[in-house]
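Thanks for coming. I have one structure to show today, and I will keep to a few places in it.

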Amino acid sequence: MVRGFTRNFRPLEILREEEVDAIHRATLDVLRETGVTFESEKALKLFDQNDCIVDYEERRVRFPQGLVEECIRSCPSTFRLRARDPKNDLIIGGNSLYFGLAPGKDIVDLDTWEARMATKEEFREFCTVLDSLDTMGWLICYPYFGWEGLD
């Protein structure tokens, strides 16, 4: 397992507790009244079997507040993000802190300062540099990063 950094301070509290509660209540309202569109027929059936309101024509699922609250309560405070090699697993949550990158699709050309697609070689160099950094715990590149000439 990769050892991340340990957070030895309280998390930033940018919002007051009442503001967090207001966002939570508004989110519950949106999930209940507007819902979420799902393209997967299998997902729609699963939600239908678990007390959600499913409109198969619109492919929209509306979630009852009680179900959402129950799901939140049942979430673990930490979980393991598994790597191909278990020694590289990450424990997410608690006081563990990891740094990672989620790059965009374009890069900045250092000669012109214009955004453009990366070349395959630039992408390979990017991954090589990130792989060598001990402080990077993870890298998300698909589907956000691409390179020229890929059909």
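The model is predicted, so to speak of local features we need pLDDT of at least 70, and side-chain atom pairs count only at pLDDT 80 or more, while totals for chains, interfaces and linings use all residues. Residues are numbered from 1 along each chain as its sequence is written, and side-chain values use heavy atoms, with hydrogens and water left out.

Start with helix α2, residues 41-48. Helices here are DSSP runs of H or I, at least four residues, and strands are runs of E, at least two, numbered from the N terminus. Which residues of α2 are buried? They are Ala43, Leu44 and Phe47, where buried means under 20% relative accessible area with a 1.4 Å probe, protein chains only. They sit on the same side of α2, because their arc around the axis is only 100 degrees, taken from the directions from the helix axis to the C-beta atoms. An α-helix has 3.6 residues a turn, so residues three or four places apart point the same way. The buried residues of α2 pack against β3 (53-55) and β4 (60-62); contact means heavy atoms within 4.5 Å.

Next, Asp109, in the loop between β9 (106-108) and β10 (115-117). Asp109 counts as buried because its relative accessibility is 14%. Setting aside neighbours within four places in sequence, Asp109 is in contact with Glu114 and Arg116.

Last, Leu130, in helix α4 (residues 120-132). Leu130 has 11% relative accessibility and therefore counts as buried. Leu130 and Gly100 are 30 residues apart in sequence, with 9.0 Å between their C-alpha atoms.

Terms used: Buried means under 20% relative accessible area, exposed over 50%, partly exposed in between (1.4 Å probe, protein chains only).
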